[in-house]
Amino acid sequence: SSPCSVGRGLPGRPAAGRLEGGGGGSSSSLGSAAASPGGSGAGPALGSGRRREPTLEGALSKYTNLLQGWQSRYFVLDFETGILQYFVNEQSKNQKPRGALSLAGAIISLSDEVPHMLVVYFANGEMYKLRAADAKEKQYWVTQLRSCAKYHTEGNSK
């Protein structure tokens, strides 16, 4: 079992943010920002400790640009590949992602610039400014992103 697939700490947690609705600015709540693995960290381990779907997904706000500011986006972190993808909303996650970057070599830092903000500095020079719904949600994403980045960075250096 990889250290990247650490247990989930927030089963049944409320939404990590809001999704963009289809009509003009309406928003709907997301069921949970928790991952969609084969169970929470509290249950019995499956065989080798591997999950069927080692992903973390949920809504976070992403700073797009000066004109548009913060926009709600749906993020999917694949622990196996170390790829963080984002989509306009949850409904579009079966389409091509708006962005997809490897966490190998990435640095995830906290920011006091905006409440509940974190920044992901990717090895290719790109940067995502992200904002969670609350401090607990922010810490959860930071922990998961850092763990995955560490695992894939160490894996690439061997």
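In what order do the elements of the protein chain run from the N terminus on? The order is β-β-β-β-β-β-β-β-β-α, with 1 helix and 9 strands in the chain. Here helices (H or I, at least four residues) and strands (E, at least two) are DSSP runs, numbered from the N terminus. The model is a predicted one, in which local features need pLDDT of at least 70 and side-chain atom pairs count only at pLDDT 80 or more, while totals for chains, interfaces and linings use all residues. Residues are numbered from 1 along each chain as its sequence is written, and side-chain values use heavy atoms, with hydrogens and water left out.

Next comes the sheet. An open sheet is formed by 7 strands in the order β6-β5-β4-β3-β9-β8-β7, and their pairing is antiparallel; two strands pair if DSSP finds at least two bridges between them. At the edges stand β6 (99-102) and β7, each of which pairs on one side only. On average, neighbouring strands of this sheet are turned by 35° against each other, direction ignored. Helix α1 (residues 135-157) packs on the sheet and touches β3, β4 (69-78), β5, β7 and β8, where a contact means heavy atoms within 4.5 Å. The direction of helix α1 makes about 160° with that of β7; axes are lines fitted to C-alpha atoms, for helices over the stretch in contact, and angles run from 0 to 180 degrees between N-to-C directions.

Ile83 stands opposite Ser102 in β6. The hairpin of β7 and β8 has 5 residues between the strands. His116 lies in this loop, between β7 (107-111) and β8 (117-121). The phi of His116 is near 65°, a positive value in a residue other than glycine. His116 counts as partly exposed because its relative accessibility is 28%; buried means under 20% relative accessible area, exposed over 50%, and partly exposed in between (1.4 Å probe, protein chains only).

Leaving aside residues up to four places away in sequence, Ser61 touches Trp70, Gln71, Ser72, Lys129, Leu130 and Arg131. Tyr151 is found in helix α1 and, at 31% relative accessibility, counts as partly exposed. Tyr151 and Ala104 are 47 residues apart in sequence, and their C-alpha atoms are 7.8 Å apart in space.

Met127 belongs to strand β9 (residues 127-131) and counts as partly exposed, with a relative accessibility of 40%.

Finally, some totals describe the whole chain. Of the 158 residues in the protein chain, 41% are buried. Among contacts between residues at least 6 apart in sequence, 48% join residues at least 24 apart. The accessible surface of the protein chain comes to about 8300 Å², of which 51% belongs to carbon and sulfur atoms; accessible areas come from the Shrake-Rupley method with a 1.4 Å probe, and for residues only the protein chains shown count as cover.
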